[in-house]
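Q: Can we go through this one together? I'll ask as I go.

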Amino acid sequence: MFVGVGCSSDSTVSEGDLTPHLNKSDSLALVKIYQEIGPWHQDWDLHDITTWNGVTTGLEEESNEIRVIGLEVYAGQCHGILPKEICQLTELRRLVISGGIMQGNIPNDIGKLKNLIILVIADNNVTGVIPESIGELTSLRMLQLSNNLLSGTVPESIGNLKNLEFLYITRTKVSGNVPKGIANMNKLKRVILTDNKFSGTFPIEILKNNILIECDNNNITELPLEVWNDSSDCVPPLLQGNRLSGEIPEHIKHTKKWEEYGDICTRCQQKGYGYSNVIYD
């Protein structure tokens, strides 16, 4: 249990004659992280936690230690290599690293951060694949991996994130199929998968709960025609800028779904692609 949560909390908080101190592993990890990808904001005094802007701490009553529960760096001009020491901050609830020219891979051990609620690694030059262990972050409510150089496929383990509400994977080199595991995320409120290299058939299994999934500007080649049935409860995804082709049966053109979504979801395919018998307004 945590008490006394705040930004850059004072390490001299006391109860009776006990003076809690910052957890040693957390302290060493933060120093390494700052040395590797900082500085950001004003310079930290590495001996004075009250100067560590972007860090949120809380007192763990059982151990009487101050633990790091938040690390948030916005537009911080991060550089260097994304340090694996991030995975030592095992009490993190919020991890946001956004802005800069930071390189390296998302650590394979990211799954150790089992208390994470928000994970944002965005607007940098992070490479490599999304680790399989991402699926171990079952407390996540927001996952954003945008505007990086990530590649490979999205692991199906992402479907284990059953508390996820917001999923943003945009402007990367991620390829392969859109993972069907998204169908397991019953709390989703918004999904944006635009400007990647997803290909193949779009999985209609993930279209439920009236969630509009944005998947523009990929390489999707097929959207199953069942999505246009008025009797189904799914909302057709946004698939402009993909590689849809073939013909739309005439009876589908007269469905309410096609009339409402057909234009905005399927127009403006990549050059040389598009439904051959559809004229868009």
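A: Some terms to begin with: buried means under 20% relative accessible area, exposed over 50%, and partly exposed in between (1.4 Å probe, protein chains only). This is a predicted model, in which local features need pLDDT of at least 70, side-chain atom pairs count only at pLDDT 80 or more, and totals for chains, interfaces and linings use all residues. Residues are numbered from 1 along each chain as its sequence is written, and side-chain values use heavy atoms, with hydrogens and water left out.

Q: Start with Asn196. Buried or exposed?

A: Asn196 is buried, with a relative accessible area of 7%.

Q: Where is the place of Asn196?

A: Asn196 sits in the loop between β10 (190-192) and β11 (197-201). Helices (H or I, at least four residues) and strands (E, at least two) are DSSP runs, numbered from the N terminus.

Q: Which backbone oxygen lies 3.0 Å from a polar atom of the Asn196 side chain?

A: That of Leu193. The Asn196 side chain also reaches the backbone oxygen of Thr194, at 3.1 Å. A polar contact here is a pair of N or O atoms within 3.5 Å; within protein, one must be able to donate a hydrogen and the other to accept it, and residues adjacent in sequence count only if both atoms are side-chain atoms.

Q: And leaving aside neighbours within four places in sequence, what is Asn196 in contact with?

A: Ile169, Thr170, Arg171, Thr172, Val174, Asn217 and Asn218. Contact means heavy atoms within 4.5 Å.

Q: Arg171 is on that list. Which side chain does Arg171 meet in a salt bridge?

A: The side chain of Asp123, at 3.9 Å, N to O. That pair links distant parts of the chain, 48 residues apart: Asp123 is in the loop between β6 and β7, and Arg171 in the loop between β8 (166-168) and β9 (175-176). Asp123 is partly exposed at 30% relative accessible area, and Arg171 is partly exposed at 40%. A salt bridge is a side-chain nitrogen of Lys or Arg within 4 Å of a carboxyl oxygen of Asp or Glu.

Q: What about the phi of Asp123?

A: Positive, about 55°, although Asp123 is not a glycine. Most residues other than glycine have a negative phi, and most peptide bonds are trans. Asn210 also has a positive phi, near 55°. Asn210 lies in the loop between β11 and β12 (213-214) and is exposed, with a relative accessible area of 61%.

Q: On peptide bonds, which residues does a cis one join?

A: Gly38 and Pro39, with omega about -5°. Pro39 is in the loop between α1 (24-37) and β3 (55-60).

Q: Back to salt bridges. How many by this rule?

A: The count comes to 13. One of the pairs is Glu72 with Arg94, at 3.1 Å, N to O. Glu72 is in strand β4 (residues 65-78) and Arg94 in strand β5, 22 residues apart, and the pair links distant parts of the chain. Glu72 counts as buried at 15% relative accessibility, whereas Arg94 counts as partly exposed at 33%. Another pair is Asp263 with Arg267, at 2.9 Å, N to O. Asp263 is partly exposed at 24%, and Arg267 is partly exposed at 23%.

Q: Now β6. How many of its residues are buried?

A: Five of its five; β6 covers residues 118-122 and is mostly covered. Ile118, Val120 and Ala122 point one way from β6, Leu119 and Ile121 point the other way, and all are buried.

Q: Which strand do five bridges join to β6?

A: Strand β5 (residues 94-100), and the two run parallel. Val96 stands opposite Val120 in β6. Two strands pair if DSSP finds at least two bridges between them. β6 also pairs with β7 (residues 142-144) in the parallel sense, over three bridges. There Met142 of β7 is the bridge partner of Ile118.

Q: Last topic, confidence. What is the mean pLDDT of the chain?

A: The mean is 90, and 93% of the residues reach 70 or more. Over residues 4-17 the pLDDT is below 50, and this stretch has 34 contacts in the model beyond near neighbours in sequence. pLDDT is the predictor's confidence in each residue, from 0 to 100.
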